[in-house]
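Subject: Structure handover

Hello,

Here is the structure I promised to pass on to you. Please open it alongside this note and follow along as you read.

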Amino acid sequence: MDNNLLQQESVKLSPLKQINFKTLSLKYGVVVAFLTLIVVSSFLYTGFLNPTNIFNMLSQLAIIGIMAAGMTYVMITGGLDMSVGGIYAATAVVAASLVDTSSILVAVLVGLCVGLVSGLINGVLVTTLKVPPFVATLGTGSVFTGFALVYSNAQPFFVKNPDYKFFGSHYIGAIPVSVIIMFGIFIILGISLAYTLYGKSLYAVGGNKEASHLAGLKTNKLILSTYMISGLCASISGIILSSRLAQGQANIGASITLDVIAAVVIGGTSLSGGQGAIWRTFIGGSILIMISNVLDSLSISSYWQQIFKGSIIIIAVMIDFYGRNYLQNKGGS
Amino acid sequence: MSRDSNFILIQNLSKKFGDFYANQNINISIPQGDCHAFIGQNGSGKSTLIGMLSGRITPTEGQIFVDNEELHYGDPHKSREIGIATIFQELTIIPEMTALDNVFLGYKKDSKLFVNKKQRVQRFKELADMLNTTISPNTLASSLSIAEQQTLEIMRCLNLNSKILILDEPTSSLAQSERDALLETLLGLKERGITIIYVSHHLNEIMHICDSFTILNSGNVIEHTTIDGWTKEKIVHSMLGEEVDSDFKKLLDSEYPNQQPFDEVLFTVENLSSFDFLKNISFHIKKGEILGLGGLVGSGRTAIASTLYGLGAKVQGRMILENQEINIPKSPREAIQRGIVLAPEDRKKIGLHLDFEVHENVNIIDLPRTGKATFFSKKKSKQLAREYMQDYKLTRPIESRVKNLSGGNQQKVLLSKVTSVNPKILIVDEPTRGIDLGVKLEVLRKLKELALTGVSIIVISSELEEVVAVSNRVLVVSQGEIVNELEGDNISVNKIIESSFLERSEVHG
């Protein structure tokens, strides 16, 4: 009897025993899916692993990926930013309009300010004014898009200065500048989320806001900061896009918000906050881009692709939900 | 009307949860049209008993007969159909619906495709007349007071032709005038032959409206009789039974014979009010003193703790810390900076980060101390946590996730977390809830030790034996006010209960 109890206890204490295949696959399943997708894709589309195609995909990823990195911060704290499409469009328009009238530097700086101020507005609405994040940012998203339309009178601003194309279309060596910017942002945001005190407190707020408040963390300021980061990231993407197209147009942000959220969620960052990581978002975004790359190569229409994309998001959220429940029950026992 | 004296008949009724008897061998009968009170301390088995009567809990043994018919146990709908209605502390009014719709919520008797609103309004008015209320059927429930919402709930029960009305602490959230009105209403219902079962801590109310009562203690019936010839004092004494000799107290007194407050007064609170509930809270605490807050659940103990910790609302009053007047903290962060920390009641929900590891939880109040520059150092975090937790025997590794720990271990993590920032005042709310005896003792010892080092401690616990065991002084809180102060040999479980049951005027008069 006693012996039996002792044995049970030692089973409980051994950390190795807690790791089983199911837990592991729920935690790192997205990596397996990512690698599988690469293998399958290279069979379906022979040019898939061609360096040109890889850089092509990465520069497509840049725009969504940068925004998704910022979104990850918001979602870690349990929030959601539906306004990134609006910020992205507003920045593209504002930056494009300023390049030829003043300078590239001014255009970029003002563009980034658009993102920061938009994020600040979102953050104040969500924290100080306690508007639920979904509603607040859905509303501001419409405001920012509207601002872009009014500002541009719904006409594109064309950029004549060829140097502006640097961010979106130039290469350093063999690597597109936008891809370098994206990796830079992933590395900075990834490290600061995973390894700094600031990152730790974001996880704390997302995991249990009330307990964090009681522990004296500045929960409101922390949450506000994530919306500013998200806004800043959206404006960086806006600049890259306007640079790539050499024009700023107000109607570009319509469907991108969904893609951005999809990248984060497919990666496995939880919609309920407290869990997630930047590397996950990189993988989530890559999966999204790879799928559409392969479907494009197979000449499947973009309408069908939309159906695929929606389904994948729902499946990813379901895996997140059921998987989390499973892990929770395991933890509780 | 001939009164059936065995209208409700309970025979040999027991309910076991695991090895624990919540109710044991209950034999009582309640006549029709009586108002009958269930009296007892928290955990005496009142809730289980009304749970079985209302059909929510299935008895382990025994029978309940209503009007000579045996109940269908564990079926609340059946119980409602035969006329047993229960009104809980938590009302089931839907704020977005009108008064009329709330009263007819779940009403199926006129169930057709379309509701005959005219008929319903007519019925509503009849019910309102019965209860002497003027609530208009079309008002939204959200714009009604708690008392009016409660009236709606009673109307709902009457509409189902309930013969038995069970009320669980119905006056706990009502103002005095509303209480009086409710009591009058209940007296009126009694006239109409409705049997009322009344559960309350307020003996005044019970003396006012009840005809008979049952006193429960540890799940057993202590007294079952008519109210004639009884006084409040007699009821309280009967309820308490023999003074339980508190082992904790003997043990701790022998282990810490010298734990006495220092001479210096550390912290004074004057005329504090908060939440529209706390009134005239004034007290002081000395350095190294353990001050117990006694009182019933909902008496205002937790509200006092929250207000000191910067979570109050509409706060007024003064605070003096180390002879200097300070602003009343407006956030936990401010309170922590002043040296006041709180280990809250609900460990899992608001006390800890369940998904975080033990060492992260221990360091969360002062994350920067785990940092190298701005980076979080896991090594440093673990090392610090080991230091802060060395007095506690944590039976799991320091990198375990807190959600996988037992309640006792979680409490140890919580206490190390709040004491790790060297507080001047430590407030612990229900520090031993849900943890086993051995760990309980460990926690109480830790409080004594902290006091010896000069920390002033405010202890809130429903386990009054523990309050008695650790406290140098006890303030008894009742209905948002401090009603009594006990010191030295005067501190006993009985004294605390006595003064929390007897209303303020009686204690002082």
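Below is what I found in it, with the conventions first.

This is a predicted model, in which local features need pLDDT of at least 70 and side-chain atom pairs count only at pLDDT 80 or more, while totals for chains, interfaces and linings use all residues. Residues are numbered from 1 along each chain as its sequence is written, and chains are lettered from A and ligands numbered from 1 in the order in which they are written.

Chain B overall

Chain B holds 19 helices and 22 strands; helices (H or I, at least four residues) and strands (E, at least two) are DSSP runs, numbered from the N terminus. Its radius of gyration is 26 Å, close to the 23 Å that the globule rule gives for 509 residues, so chain B is as compact as a globular protein of that length. That radius is taken over C-alpha atoms, and the globule rule is 2.2 Å times the number of residues to the power 0.38. The C-alpha trace of chain B spans about 75 × 50 × 45 Å along its principal axes.

Of the 509 residues of chain B, 44% count as buried. A residue is buried if 20 or more other C-beta atoms lie within 10 Å of its own, exposed if 12 or fewer, and partly exposed in between, with C-beta atoms placed from the backbone. As for contacts (C-beta atoms, placed from the backbone, within 7 Å), 68% of those in chain B with a separation of 6 or more are between residues 24 or more positions apart.

Domains of chain B

Chain B is divided into domain 1 (8–240), domain 2 (247–339 + 423–508) and domain 3 (353–421); these bounds come from an automatic or database domain assignment. The centres of domain 1 and domain 2 of chain B, taken over C-alpha atoms, are 34 Å apart. Nine residues from domain 1 of chain B and 10 residues from domain 2 of chain B take part in the contact. On the domain 1 side, helix 7 (203–209) and helix 8 (232–240) of chain B each supply at least two residues, and helix 8 of chain B gives the most, with three residues. By class, that side has three nonpolar, five polar and one charged residues. Here Ala, Val, Leu, Ile, Met, Phe, Trp, Tyr, Cys and Pro count as nonpolar, Asp, Glu, Lys and Arg as charged, and the others, Gly among them, as polar.

A six-stranded sheet

Now to a sheet that I would look at in some detail. Six strands of chain B form an open sheet in the order 16-19-20-13-21-22, with mixed pairing; two strands pair if DSSP finds at least two bridges between them. Strand 16 (340–343) and strand 22 (481–487) of chain B are the edge strands, each pairing on one side only. From one strand to the next, the twist averages 20 degrees.

Strand 13 (residues 290–294) of chain B pairs in the parallel sense with strand 20 (residues 456–460) of chain B over four bridges, and G292(B) stands opposite V459(B) there. Strand 13 of chain B also pairs in the parallel sense with strand 21 of chain B, over four bridges, where L475(B) is the bridge partner of L293(B).

Five of the six residues of strand 21 of chain B are buried, so this strand is largely enclosed by the rest of the structure. Strand 21 and strand 22 of chain B run antiparallel and are joined by six bridges, with E481(B) as the bridge partner of S478(B). Their hairpin has two residues between the strands, and Q479(B) takes a positive phi near 50 degrees in it. Helix 18 (residues 493–501) of chain B lies across strand 13, strand 21 (473–478) and strand 22 of chain B, and runs at about 25 degrees to strand 21 of chain B. Axes are lines fitted to C-alpha atoms, for helices over the stretch in contact, and angles run from 0 to 180 degrees between N-to-C directions.

Where chain A meets chain B

The contact brings together 18 residues of chain A and 22 residues of chain B. On the chain A side, helix 10 (197–207) and helix 11 (209–214) of chain A are the elements that give two or more residues. Helix 10 of chain A gives the most, with six residues. This side divides into seven nonpolar, eight polar and three charged residues.

Best wishes

Notes
Two residues are in contact if their C-beta atoms, placed from the backbone, lie within 7 Å.
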